[in-house]
Amino acid sequence: MRTSLRVVLLAAIASLAWPMVACYAAPLYTVSIQVDPAEGGSVILDPQKSGYAKNNVVTATAFPANGMVFAGWGGDLSGTQNPTTLRVSRNHTVIAHFATD
């Protein structure tokens with residue numbers, strides 16, 4: 001009986017001396033790229049990672065294929081500035097629109 005009481009007391013004292021700290025990983029978000037039309041060119045993200053923390057800033061640069069011109073951004077970007085930046089706040093989709101030259 002005394003042994004089990006000691007164990008309970010030691011556990012109670014230990015929980016006061018070493019409180020539990022909740023540790024968790026911040027969520028990572030994706031930036032997906034689409035190209036319209038598919039053969040129109042490519043997009044490079046900088047930095048290029050599989051996941052981005054909230055408030056990371058990502059630079060998107062569109063590169064037209066031969067005979068094509070960059071026409072503008074769609075999805076979670078807009079306008080024609082190239083390169084442009086995106087502040088990550090959730091999962092995003094970036095669409096690069098190209099047209100024939």
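Predicted model: local features only at pLDDT ≥ 70, side-chain atom pairs only at ≥ 80, totals over all residues.
Two strands count as paired when DSSP finds at least two bridges between them. Thr 84, in strand 7, is the bridge partner of Ala 60.

**Stop 1**

Now widen the selection to strand 5 (residues 57-64) and strand 7 (residues 84-87). Four bridges join strand 5 and strand 7, and the pairing is antiparallel. As a bit of background, strands of a sheet pair through backbone hydrogen bonds, either parallel or antiparallel.

**Stop 1: Thr 84 and the two faces of strand 7**

Stay on strand 7 and show its side chains. Which residues are on the covered face, and which on the uncovered one? Thr 84 and Leu 86 make up the covered face, while Thr 85 and Arg 87 make up the uncovered one. In a regular strand the side chains alternate between the two faces of the sheet.

Is Thr 84 buried or exposed? Its relative accessibility is 12%, so Thr 84 counts as buried, the cut-off for buried being under 20%. Apart from neighbours within four places in sequence, Thr 84 is in contact with Val 58, Thr 59, Ala 60, Trp 73 and Leu 77.

**Stop 3**

Leu 45 stands opposite Ala 60 here. What does Leu 45 touch? Leaving out residues up to four places away in sequence, Leu 45 touches Val 31, Ile 33, Tyr 52, Val 58, Thr 59 and Ala 60.

Leu 45 also takes you into the largest nonpolar core, which has 17 residues. Select Val 31, Leu 45, Trp 73 and Ala 96 together: these have the most contacts inside that core. Strand 3, strand 5, strand 6 and strand 8 each supply at least two of the core's residues.

**Stop 2: the aromatic rings**

The structure holds two aromatic pairs. For one of them, zoom in on Phe 70 and Phe 98: the ring centres are 5.8 Å apart and the planes are at 65°, so this pair is edge-to-face. Phe 70 comes from strand 6 (residues 68-75) and Phe 98 from strand 8 (residues 92-100), so 28 residues separate the two, and the pair links distant parts of the chain. Phe 70 and Phe 98 are both buried.

**Stop 3: the salt bridge**

How many salt bridges does the structure hold? There is one, and you can find it by selecting Asp 76 and Arg 90, whose side chains meet at 2.8 Å, N to O. Asp 76 sits in the loop between strand 6 and strand 7 and Arg 90 in the loop between strand 7 and strand 8, so the pair ties together parts that are 14 residues apart in sequence. Asp 76 is partly exposed, at 29% relative accessible area. Arg 90 counts as partly exposed too, at 41%.

**Stop 6**

Most residues other than glycine have a negative phi, and most peptide bonds are trans. Now select Asp 36 and Pro 37: the peptide bond from one to the other is cis, with omega near -10°. Pro 37 lies in the loop between strand 2 (31-36) and strand 3. Move on to Asp 46 and Pro 47, also joined by a cis peptide bond, with omega about 0°. Pro 47 is in the loop between strand 3 and strand 4 (52-53).

Then pick Asn 55, in the loop between strand 4 and strand 5. Asn 55 is not a glycine, yet its phi is positive, at about 75°. With a relative accessible area of 44%, Asn 55 is partly exposed.

**Last stop: Ser 32**

Finish in strand 2, with Ser 32. Ser 32 is partly exposed, with a relative accessible area of 33%. Not counting residues up to four places away in sequence, Ser 32 touches His 92, Thr 93 and Val 94.

Methods:
Residues numbered from 1 in each chain as written. Heavy atoms only, no water. Phe/Tyr/Trp six-rings, centres within 6.5 Å; stacked < 30°, edge-to-face > 60°. Buried < 20%, exposed > 50% of the residue type's maximum accessible area, 1.4 Å probe, protein only. Contact = heavy atoms within 4.5 Å. Core = buried A, V, L, I, M, F, W, Y, C linked by side-chain atoms within 4.5 Å. Salt bridge = Lys/Arg side-chain N within 4 Å of Asp/Glu carboxyl O.
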